[in-house]
Amino acid sequence: MENAVLTNVFKVSCMGGHEANLDRRNVILGLGGIYGAANLVPLASSAEELSGPIPAPNLKKCGTALITAKAAHTVDEEYIAKYQQATSAMKALDIYDPSNPIGFKQQANIHCAYCNNAYTVGAKKLQVHESWLFFPFHRWYLYFYERILGSLINDSTFALPYWNWDNPNGMRLPPMYDDKCSSLYDARRNPNIRNGTIMDLGYFPPDDEVLFVTSQPQTITNNLTLMYRQMITNAPCPLDFLGKRYTLGTGPLGPKAQEPLKTYLINE
């Protein structure tokens, strides 16, 4: 891994006549936008200071093919081998070049900095959860993580899989994450969701650690009901779907409809 190249600046080129460098530092630290325009200003002092909606781009003018992500439970062996290779290369940097910013632990530290009260603005701690920062921060975070993985295996088309939570076939931990010999395996994951178990998306760790067991059909029904409530019933307006307003001098005002669940289930 000594020949690994740091590639944290990605060039965006379109046939529309615009070229710009997209720097990870500018995006993550500033939560800014592309082409030098700070279209997202999460710490503005008032809602009026935020820019207006950005129109959708004309993808026909882009000079490169779109990258297509697949549901995690549908990927084939060729993709799994590629994903494992990229993750192995990233984790190897933790051993041979621990200060390299594209190493696995350094990537985790980026999320930790904005999640565990490590980032401050004056006397205020910046928190990317439980507010409208949740979606934009994590989307950019995953974008760069995906591009770094692709660069480590010289594959510009590499795409991270997505978790299809509201499909019964996607309610199990994909086997590629449950292989102890794989770089994708994490022994700290909740052992109750291994071995093809249908996951309970409404699971929260109870104080007495007593798990309530339901049948597989009932768990699937509960999950589908929960997903509908999170995505539709609990999100009648944009602020409920995307998260509450978060401005300078305030703390997070409550999670978006999609945030509270799921991660507890996998990580506990």
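1. Basis. This is a predicted model, in which local features need pLDDT of at least 70, side-chain atom pairs count only at pLDDT 80 or more, and totals for chains, interfaces and linings use all residues. Residues are numbered from 1 along each chain as its sequence is written, and side-chain values use heavy atoms, with hydrogens and water left out.

2. Elements. The protein chain holds 7 helices and 4 strands. Helices are DSSP runs of H or I with at least four residues, strands are runs of E with at least two, and numbering starts at the N terminus. The order from the N terminus is β-β-α-α-α-β-β-α-α-α-α.

3. Contacts along the chain. A contact means heavy atoms within 4.5 Å. Take the contacts between residues at least 6 apart in sequence: 62% of them join residues at least 24 apart.

4. Burial and surface. Of the 268 residues in the protein chain, 36% are buried. Buried means under 20% relative accessible area, exposed over 50%, and partly exposed in between (1.4 Å probe, protein chains only). The chain exposes about 16,000 Å², with 56% supplied by carbon and sulfur atoms. Areas come from the Shrake-Rupley method with a 1.4 Å probe; for residues, only the protein chains shown count as cover.

5. Cysteines. A search of the whole structure finds 0 disulfides, a disulfide being a pair of cysteine sulfur atoms within 2.5 Å. Cys112 counts as partly exposed because its relative accessibility is 32%. Cys237 is also partly exposed, at 33%.

6. Main core. The largest nonpolar core has 23 residues. Such a core is a set of buried Ala, Val, Leu, Ile, Met, Phe, Trp, Tyr and Cys residues joined through side-chain atoms within 4.5 Å. Tyr83, Leu149, Phe158 and Met176 have the most contacts inside this core. Helix H2 (77-96) and helix H4 (134-152) are the elements that give two or more residues to it. H2 gives the most, with 7 residues.

7. Met176. Leaving out residues up to four places away in sequence, Met176 touches Ala72, Val75, Ile80, Tyr83, Pro161, Ser182 and Leu184.

8. Second core. A separate core of 9 residues includes Ile110, Leu126, Val128 and Trp132.

9. Helix H4. Buried residues in H4 include Phe134, Phe137, Tyr141, Phe144 and Leu149, along with His138, Glu146 and Arg147. Just after H4, Asn154 has a positive phi of about 55°.
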